[in-house]
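Subject: The model, and what turned up in it

Hi,

Here is the structure I promised to pass on.

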Amino acid sequence: MREKLIAGNWKMNGGLALNEALVTAILAGMPEKACAVAVCPPALYLAQVQQLLAGQRAVSLGAQDVSAHEIGAYTGEQSAAMLREFGAGYA
């Protein structure tokens, strides 16, 4: 049986202080790992959330969207390779 995944995506909500408070609360409230858990912030905050998740293994980083294109003039898009550089394992 495949491992279950719980992923949170906060749409176009957030801000530096709110993101920090949310991720800190999620990490503090994590029970023993019964399933995979990921957070998917807006792309603008991927670097911040990556740093907040550094050094722990309970919560993974994901992205809200990934482009179908590998490279090109696609304004506002992020490729899978770009997201992988931030450690995003989900989209």
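One definition before anything else: when I say that residues touch, cover or are in contact, I mean heavy atoms within 4.5 Å. Helices (H or I, at least four residues) and strands (E, at least two) are DSSP runs, numbered from the N terminus.

This is a predicted model, so local features need pLDDT of at least 70 and side-chain atom pairs count only at pLDDT 80 or more, while totals for chains, interfaces and linings use all residues. Residues are numbered from 1 along each chain as its sequence is written, and side-chain values use heavy atoms, with hydrogens and water left out.

How confident is the predictor? The score is pLDDT, its confidence in each residue, from 0 to 100. The protein chain averages 93, and 100% of the residues score at least 70. Confidence is lowest in S1, at a mean of 93, and highest in H2, at 97.

The sheet

Start with the strands. Three of them form an open sheet in the order S1-S2-S3, with parallel pairing; two strands pair if DSSP finds at least two bridges between them. Strand S1 (5–9) and strand S3 (60–61) are the edges, each pairing on one side only. S1 and S2 are joined by 5 bridges, and Ile6 stands opposite Val37 in S2.

Because 5 of the 5 residues of S2 are buried, the strand is largely enclosed by the rest of the structure. Ala36, Ala38 and Cys40 point one way from S2, and Val37 and Val39 the other way.

Next, helix H2 (residues 46–53). Its buried residues are Leu46, Gln48, Val49 and Leu53. Seen down the axis of H2, they fall within an arc of 160°, so they line one face of the helix; the arc is that of the directions from the helix axis to the C-beta atoms. What covers the buried residues of H2? The cover includes helix H1 (16–28), S2, S3 and helix H3 (80–85). Just after H2, Gly55 takes a positive phi of about 85°.

H2 comes up again in the largest nonpolar core. By that I mean a set of buried Ala, Val, Leu, Ile, Met, Phe, Trp, Tyr and Cys residues joined through side-chain atoms within 4.5 Å. Of its 13 residues, Val39, Val49 and Leu53 touch the most other members. S2 and H2 are the elements that give two or more residues to this core, and H2 gives the most, with 3 residues. Not counting residues up to four places away in sequence, Val49 touches Trp10, Val23, Val39, Pro41 and Leu61.

Trp10 sits in the loop between S1 and H1. With a relative accessible area of 11%, Trp10 is buried. Leaving out residues up to four places away in sequence, its contacts include Asn19, Leu22, Val23, Val39 and Val49. Trp10 and Ile26 are 16 residues apart in sequence and 13 Å apart in space, C-alpha to C-alpha.

Most residues other than glycine have a negative phi. Lys11, though not a glycine, has a positive phi of about 50°.

Two serines in the S3–H3 loop

Finally, Ser67 and Ser79 are both placed in the loop between S3 and H3. Ser67 is buried at a relative accessible area of 11%, and Ser79 counts as buried at 5%. Leaving aside neighbours within four places in sequence, Ser67 is in contact with Glu77, Gln78 and Ser79. With sequence neighbours up to four places away again left out, Ser79 touches Val66, Ser67, His69 and Glu70. The side chain of Ser67 also reaches the backbone nitrogen of His69 at 3.0 Å.

Over to you!

How values were computed
Buried < 20%, exposed > 50% of the residue type's maximum accessible area, 1.4 Å probe, protein only. Polar contact = N/O pair within 3.5 Å; in protein donor to acceptor, adjacent residues only side chain to side chain. pLDDT = per-residue confidence, 0-100.
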